[in-house]
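Student: Let's go through this structure together. I will ask what lies behind each label.

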Amino acid sequence: MSSEEGGVTDVGNPTSVTLRCSFCGTLNKVDLRRAADRPKCGDCTKPMLLDRPVKVGQDDFDRTVLESDAPVLVDFYADWCAPCKMVAPLIDEIAHDQIGKMLVAKVDTDAAPDVAMRYSIRSIPTLIVFDGGEELERSMGFEPERVRALVDKVVA
Ligand SMILES: [Zn+2]
């Protein structure tokens, strides 16, 4: 499946991501550049929704976020967190505006405590930009201008 053995980058498909279908839960490989073609789940044939943040959990974080060929913005949040609700529209807007260029994901820290611990999430909301499986930068709290600047930098 991986075509990056020996450090050879597959330049033909630089925006491939593995996403869980929000309907049936099957992991699908999706080319973000083809988002406008409304890719469908290979299993249940329902649409893969790419114009909004995708929910990522403990079991698919590595495959979806760390193995993504495209940069990923991850929103670490919790349902009970009031400032997280201020960040949510910003995340929705970025997912919509950057469709095809980056993946926007949400991690519920209550449902994924191991992931939150791995990235030392001490307060929420925390937004982290990943590229090539590495954390590039993070923003804590509600910092829309900083987050937009980070996104512009990583998709440029
Ligand atoms: Zn499906």
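Tutor: Start with the terms: helices (H or I, at least four residues) and strands (E, at least two) are DSSP runs, numbered from the N terminus. On that basis the protein chain reads β-β-β-α-β-α-β-α-β-β-α along the sequence. This is a predicted model: local features need pLDDT of at least 70, side-chain atom pairs count only at pLDDT 80 or more, and totals for chains, interfaces and linings use all residues. Residues are numbered from 1 along each chain as its sequence is written.

Student: What makes the protein chain as compact as a globular protein of that length?

Tutor: Its radius of gyration is 15 Å, close to the 15 Å that the globule rule gives for 156 residues, so the chain counts as that compact. The radius is taken over C-alpha atoms, and the rule is 2.2 Å times the number of residues to the power 0.38. The C-alpha trace spans about 40 × 35 × 30 Å along its principal axes.

Student: Which residues of α2 are buried?

Tutor: C84, V87, I91, I94 and A95 are. Across the protein chain, 34% of the 156 residues count as buried.

Student: Where is the kink in helix α2?

Tutor: At A88, shortly before the proline P89. The kink is about 25 degrees, the bend being the angle between axes fitted to the seven residues ending there and the seven starting there.

Conventions. A residue is buried if 20 or more other C-beta atoms lie within 10 Å of its own, exposed if 12 or fewer, and partly exposed in between; C-beta atoms are placed from the backbone.
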